Amino acid sequence: MTDLPIVYDLPAAQKTWQDHLLLNRFYPPLTQDVPRRSPMRELISTVLSHRTTHADEELAYDRMLEAFGDWAGVLAAPTAELAHAIRTTRWPDTQAPRIQEILRRIQAERGEFSLDFLEEWPTEKGMQWLNDMPGIGLKTASLVLLFNFRKPVLPVDTHVHRIAQRVGLIGPKASADKAHQVLLEQLPKDSLALLNFHKHNYWHGQRVCLYTKPDCAKCPLKGICNYYLEHYGPATAEAIAATPEKWDTAWGALPH
């Protein structure tokens with residue numbers, strides 16, 4: 001990329017937009033044609049995913065449904081047996097009763113194991129309803145509402161949060177919960193733009209802007225990134241010219 005911007009003192013909102021534009025060029029653009037999974041699966045899988053790899057989350061989910069058949073079976077299962085079924089997660093003894101309480105509340109309030117009603121609810125009402133569930137925070141609620149119902153919300157996971165701090169989109173001490181609010185205010189209230197911002201930064205944190213040893217030479221954000229400036233100085237013309245134009249699958253498959 002020979003035309004990357006080199007402007008480190010941009011206001012945070014302008015940096016956030018530059019982050020979005022640059023990663024849109026680097027990673028494949030996403031559409032919202034079909035949700036990646038059903039709303040109930042999105043909700044429960046995200047609960048299972050806390051501090052757990054995607055492979056172990058998927059294994060736990062599959063074992064749970066294989067053992068108990070459906071959501072009614074999961075709810076009726078002895079909690080210790082459910083914990084055993086999801087044992088590949090980080091905290092199965094905590095997650096098992098939490099999942100059952102979530103299912104119990106959904107059934108009691110809605111009469112069925114379905115979140116489809118959230119399609120018609122205002123965003124704020126849906127967010128509050130989900131946040132009132134045990135173990136459901138802003139990230140999980142935002143994932144369900146954005147991925148399944150195209151609501152204009154922004155999930156901030158550890159990767160999005162890390163990049164936002166390193167680049168300078170948020171303050172160095174801003175929490176993930178605070179980042180949800182700050183970044184959302186800096187981006188258009190458009191679900192497709194928010195989906196791409198989330199997924200592109202998520203992929204970037206998984207494959208380039210790693211927690212340890214980030215691959216800054218490959219990064220298209222180097223010309224606006226505070227971390228790059230601090231560790232390498234202002235990006236040179238040579239460093240900009242050497243930046244790959246697009247994500248190369250030779251570097252590894254992108255996460256889910």
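Predicted model: local features only at pLDDT ≥ 70, side-chain atom pairs only at ≥ 80, totals over all residues.

Me: OK. Is helix H9 mostly enclosed or mostly open?

Reply: Helix H9 covers residues 158-167, and eight of its 10 residues are buried, so it is largely enclosed by the rest of the structure.

Me: Which residues of H9 are the buried ones?

Reply: They are His159, Val160, His161, Arg162, Ile163, Ala164, Arg166 and Val167.

Me: And what do they pack against?

Reply: Four helices: H1 (12-26), H10 (176-186), H11 (191-207) and H12 (226-232).

Me: What goes on at the start of H9?

Reply: Aspartate 157 has a side-chain oxygen that comes to within 3.2 Å of the backbone nitrogen of histidine 159.

Me: What follows H9 at the other end?

Reply: Glycine 168 follows, and its phi is positive, near 105°.

Me: New topic, the core. Which residues touch the most other members of the largest nonpolar core?

Reply: Met64, Leu115 and Leu183 do, in a core of 78 residues. Helix H8, residues 138-149, gives the most to this core, with seven residues.

Me: Why would nonpolar residues sit together like that?

Reply: In soluble globular proteins, nonpolar side chains tend to be buried together.

Me: Take leucine 115, then. What does it touch?

Reply: Leaving out residues up to four places away in sequence, leucine 115 touches Pro39, Met40, Leu43, Ile106, Trp129, Val144 and Phe149.

Me: What lines the largest cavity?

Reply: Its lining has 13 residues, and those nearest the centre are Cys209, Cys216, Cys219, Cys225 and Tyr227. H9 and H12 each supply at least two residues of that lining.

Me: How does the lining of the largest cavity divide by class?

Reply: It has 10 nonpolar residues, no polar ones and three charged ones.

Me: And pockets? What volume has the largest one?

Reply: The largest pocket has a volume of about 1000 Å³. It is lined by 35 residues, with Ser49, Arg51, Lys139, Asp157 and Thr158 closest to its centre. Aspartate 157 is also the residue whose side-chain oxygen reaches towards histidine 159 at the start of H9.

Me: Which helix gives the most to the lining of the largest pocket?

Reply: H8 does, with five residues. Other helices supply at least two residues each, including H2 (39-48), H3 (54-68) and H6 (92-110).

Me: And the classes in the lining of the largest pocket?

Reply: Eight residues are nonpolar, 17 are polar and 10 are charged.

Me: What about the second largest pocket?

Reply: It holds about 220 Å³ of space. Its lining has 13 residues, of which Thr31, Val34, Pro35, Arg36 and Leu195 lie nearest the centre. H8 and H11 are the elements that give two or more residues to this lining. By class, the lining of the second largest pocket has six nonpolar, three polar and four charged residues.

Me: Single residues now. Is histidine 20 buried or exposed?

Reply: Histidine 20 counts as buried because its relative accessibility is 5%, and the cut-off for buried is under 20%. Histidine 20 is in helix H1. Leaving aside neighbours within four places in sequence, it is in contact with Ala193, Asn196 and Phe197.

Me: And alanine 96, buried or exposed?

Reply: Alanine 96 counts as buried, at 0% relative accessibility. It sits in helix H6. Not counting residues up to four places away in sequence, alanine 96 touches Thr79, Leu82, Ala83 and Ile86.

Me: What about lysine 213?

Reply: Its phi is near 55°, also a positive value in a residue other than glycine. Lysine 213 is in the loop between H11 and H12, and it counts as exposed, at 76% relative accessibility.

Key
Residues numbered from 1 in each chain as written. Heavy atoms only, no water. Buried < 20%, exposed > 50% of the residue type's maximum accessible area, 1.4 Å probe, protein only. Contact = heavy atoms within 4.5 Å. Polar contact = N/O pair within 3.5 Å; in protein donor to acceptor, adjacent residues only side chain to side chain. Core = buried A, V, L, I, M, F, W, Y, C linked by side-chain atoms within 4.5 Å. 1 Å grid on protein atoms, 1.4 Å probe; cavity = no way out; pocket = protein on both sides within 12 Å on 5 of 7 lines; lining within 4 Å. Nonpolar A, V, L, I, M, F, W, Y, C, P; charged D, E, K, R; others polar. Points joined across faces, edges and corners; volume = space filled by probe spheres on them.
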